[in-house]
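Please study the structure below and work through the exercises that accompany it. Each task is followed by a solution in steps.

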Amino acid sequence: MEIEDWRLDAACADTDRDLFYSEEVHDMRAALNICAACPVVAPCLETAMRYRDRFGVWGGTTETERRRIFRQRRGDGRQAA
């Protein structure tokens with residue numbers, strides 16, 4: 001599967017991308033709710049990890065949560081993605 005193929009099945013495919021990059025708490029919660037019902041949340045998160053995307057909601061995670069995952073993966077000897 002191509003790295004971008006998963007996007008075709010993403011729950012957010014028809015959603016305004018600005019929602020996922022908003023700094024407003026209610027927008028972030030709305031984005032996370034969309035992710036919670038998404039069938040491709042895992043490849044979305046791994047894409048963000050691979051490219052070290054530091055902004056927005058990706059794969060059901062916030063920027064803060066992804067930073068924690070980066071640190072955990074680095075700490076256990078695994079690469080970030």
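This is a predicted model: local features need pLDDT of at least 70, side-chain atom pairs count only at pLDDT 80 or more; totals for chains, interfaces and linings use all residues.

**Exercise 1.** Determine the volume of the largest pocket and describe the residues that line it.

Solution. Step 1: the volume of the largest pocket is about 230 Å³. Step 2: the lining consists of 17 residues, and Cys12, Arg17, Cys44, Val57 and Trp58 are the closest to the centre of the pocket. Step 3: by type, the lining comprises 14 nonpolar residues, one polar residue and two charged residues. Step 4: helices α1 (18-21), α2 (25-36) and α3 (41-50) each contribute at least two residues to this lining.

**Exercise 2.** Identify which residues of the largest nonpolar core touch the most other members.

Solution. Step 1: the core contains 13 residues. Step 2: those touching the most other members are Trp6, Ala10, Phe20, Ala31, Val40, Val57 and Trp58. Step 3: at least two residues of this core come from each of α1, α2 and α3.

**Exercise 3.** Is Ile34 buried, partly exposed or exposed? State also which residues Ile34 contacts beyond its neighbours within four places in sequence.

Solution. Step 1: Ile34 is located in helix α2. Step 2: the relative accessible area of Ile34 is 22%. Step 3: buried means under 20% and exposed means over 50%, so Ile34 is partly exposed. Step 4: with neighbours within four places in sequence left aside, Ile34 is in contact with Ala11, Cys12, Thr15, Leu19 and Phe20. Step 5: Ile34 and Cys12 are 22 residues apart along the chain, and 6.6 Å separates their C-alpha atoms.

Conventions:
Residues are numbered from 1 along each chain as its sequence is written. Side-chain values use heavy atoms; hydrogens and water are left out. On a 1 Å grid over the protein atoms alone, a cavity is a set of points where a 1.4 Å probe fits but cannot get out, and a pocket is an open set with protein on both sides within 12 Å along at least five of seven lines; lining residues have an atom within 4 Å of a point. Grid points are joined across faces, edges and corners, and a volume is the space filled by probe spheres set on the points. Helices (H or I, at least four residues) and strands (E, at least two) are DSSP runs, numbered from the N terminus. Ala, Val, Leu, Ile, Met, Phe, Trp, Tyr, Cys and Pro count as nonpolar, Asp, Glu, Lys and Arg as charged, and the others, Gly among them, as polar. A nonpolar core is a set of buried Ala, Val, Leu, Ile, Met, Phe, Trp, Tyr and Cys residues joined through side-chain atoms within 4.5 Å. Buried means under 20% relative accessible area, exposed over 50%, partly exposed in between (1.4 Å probe, protein chains only). Contact means heavy atoms within 4.5 Å.
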